[in-house]
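Hi,

Here is the structure I promised to pass on.

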Amino acid sequence: MSDKSLSTPPKAGGKSGKPKEASKPEMTGSEIFCQTLISEGVETMFGYPGGVVLPVFDALYDSPINFILSRHEQGATHMADAYARATGKVGVVLVTSGPGATNTVTGIATAYMDSTPMVVITGQVKTPLIGNDAFQEADTTGITRPITKHNCIVKNVKDLERSLREAFFIARTGRPGPVLIDLPLDVSIAKTNLNGSEQQMDLPGYRVRPLGHLRQIKRAAEAINAAERPVIYAGGGVILSDAAQELTALVNKANVPITTTLLGLGGFDENDPKSLHMLGMHGTAYANFAVQECDVLVAIGARFDDRITGDVKRFAPNAKVIHIDIDPASISKNVKVDIPVVGDAKNILTELVNFVEHRDRPGWFERIEGWKQKYPLVYDNNTEGIKPQYVIEEVSRQTKGQALITTGVGQHQMWAAQFYRFSRPRHFITSGGLGTMGFGFPAAIGAQIAMPDEVVVNFDGDSSFSMTLNELPTAVEHKLPVKVCVLNNGYMGMVRQWQELFYGKRYSKSFLQHPSFAKVAEAFGAVGLTATKKVEVPEIVERMLKEKQCCVVDFHVEREENVWPMVASGSGLHEMAGLPTESIERL
Amino acid sequence: MPTTKHTISALVQNKPGVLAHVAQMFAARSFNIDSLAVGRTEDPDISRMTIVVLANDSTVEQVRKQLGKIIPVVKVHDWTDENLVQRDLMLVKVAAPPEKRTEIQSLIEMFQAKVVDIGPKFVMVEVTGPEEKIEAFIDMCRPYGVKDVARTGIIAMPRHPRSPRQQAKENK
């Protein structure tokens, strides 16, 4: 993405791109598959075998690629997603046709919404059977077209290497995303030469513009220099383009307060006084107020999602909006942009920092500090029972904010974002766009495989964990010391919170009967612990962090705790409920 | 913002699934297709889709950008402000009892249309022209009875010279 040499598709098949001598030995599609993946730098991949991909799995038997067998294809896809988010490499998934392919749909859609570079290879029935409703046949390219950056079916083995190279190229460049290759059985056993003249990439409709327009960058710098009350709003694009360092340089040189989205957490050190932490529906009051009052809003690798803007008509009403993004379709999609800069965040920020000047902005920082004092993120911890926020704060304290955190989706996800203090990129892996419950645990497995030396903690909800805990044997088999903190309130917490607030406490189907998660963990060969009292938390966290194997801790937390503050759907971003004082700031 | 008809042209690679992809994108993003015509170009690897969209200006901008993101879409033109030659081709069966045939024949001549088939009860007429002309011909035929209509949808091409503003917008 940030590699300028990637702005035009390189030729496949060796540096010269010239056809290799015709005397090369013939290879099967499956052998070509393995060889191409290795030459694309794939060391680890995830998946699940099945009928039509047996030739590919047979070729993998002799391959040096580390294959992680999941217990469900959805798990494999989330693992590959997290592997990609933790490393910046392309995550790779191999599954069979039909149900194997349809089971990856949720994982692919998750990766698509959060722009994760991923290549998914699905088996397909033999080409003569396609369209005949054959056994385990599904129209995989048809099903996944709306949730992939690109997909295609390879019907001729001569196209296989090129298609795979195109898939990796498309997945990792521009705005990254998942690419799916559908591989019929007969193509995987057909033979051809690996290199041929037809192997050049054929992507006339794919252009990546990594460099920002200099005139637009200068205009952006002028607006920032002239601003009295600027705010930077950084999203997942900063992480994807490895631009955290450049972002920090900009914040420090221009002296601008910064807030990040859920996916942008870790793009800037949250312990820095200029950090306003997360904005949006469950963001901090000081971040939301600052955005609503700012005169220049600098959006970097973010897309003005509805969970960020609140009522979009009343979003940042006085701001001149600068938007830095590699996807031109993100510009002015939801919010009208005054100064668009299309390109890779890392390149643009490197340039932009040269043109911004230091400003003191004393009044602005003072006003923000006032909000920080008046409306800090707080919760009542004077209880005998365990507050979920307290568990997160305790893990944050004991890991010194240095763990790699994954989450499921719901209340626990928001508390993790609010109460864990992130300082480094690629250390918070969560499903932001799609909001996929069950993402956290397989994501922790993928992240731990990618980063064997990191402490990986999955903050999970009881309901989220229940969706994918079938991957426990995967973690045990690979001796992964993944930590799972189940913040167990016996509800789908966020659903219950909305039912409490907006549906007259009618808790319709949001209550769940759970097993003992500790015993479940033990049955699978992992360590299982349970905590029911606040006093037990520090010790049990310490024990969990010392474990050398997969460890699940079932924290029985206060059941009806809510996530505050909150911007109700349709409200302005400054109209926050649940602030520490009753008065709502007049803006 | 007012909703108007915009003519968009997309050059696409002749690959399986491209039409489905374009149609699916329109449906998924709630864009309204008024007509869609696809045909080969002088290059056998490239087809042209001419899409008429009912949208306001900011939506049509999104349409253009989202089309550009589809990888087999090679180039997108928004011909909204362009001086265009637009043509729609229609085959229409009009009820034509013998006593009305002279009237209908003069109508056909007025529209520079032509009769391509004739039966005891009706005539089949081929009409080409801009959409308004086609619509007007249908309206004129209604009193006699319109039995069947098949239309290609609009295809278009800008006249030369083109406005500089339009040329600047052309970059995908």
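First, some housekeeping. This is a predicted model, with local features needing pLDDT of at least 70 and side-chain atom pairs counting only at pLDDT 80 or more, while totals for chains, interfaces and linings use all residues. Residues are numbered from 1 along each chain as its sequence is written, and chains are lettered from A and ligands numbered from 1 in the order in which they are written.

Chain A splits into domain 1 (4-199), domain 2 (214-374) and domain 3 (388-560); the bounds come from an automatic or database domain assignment. The centres of domains 1 and 2 of chain A, taken over C-alpha atoms, are 37 Å apart. Between these two domains, 6 residues of domain 1 of chain A are in contact with 6 of domain 2 of chain A (contact: C-beta atoms, placed from the backbone, within 7 Å). On the domain 1 side, that makes 1 nonpolar, 3 polar and 2 charged residues. Here Ala, Val, Leu, Ile, Met, Phe, Trp, Tyr, Cys and Pro count as nonpolar, Asp, Glu, Lys and Arg as charged, and the others, Gly among them, as polar.

Next, the sheet. In chain A, 6 strands make an open, parallel sheet in the order β3-β2-β4-β5-β7-β6.

Now the helices. Helix α5 (105-113) of chain A lies across β5 (118-124) and β7 (178-184) of chain A, at about 145° to β7(A). (Axes are lines fitted to C-alpha atoms, for helices over the stretch in contact, and angles run from 0 to 180 degrees between N-to-C directions.) Helix α3 (73-87) of chain A packs on α5(A) at about 25°, with the axes 7 Å apart, so the two are roughly parallel (angles under 35 degrees). Among the residues that meet are A:Gln74 and A:His78 from α3(A), and A:Ile108 and A:Ala111 from α5(A). That contact has 2 nonpolar, 6 polar and 1 charged residues.

Cheers

Conventions
Two strands pair if DSSP finds at least two bridges between them. Helices (H or I, at least four residues) and strands (E, at least two) are DSSP runs, numbered from the N terminus. Angles under 35 degrees count as roughly parallel, over 145 as roughly antiparallel, 65 to 115 as roughly perpendicular and the rest as oblique.
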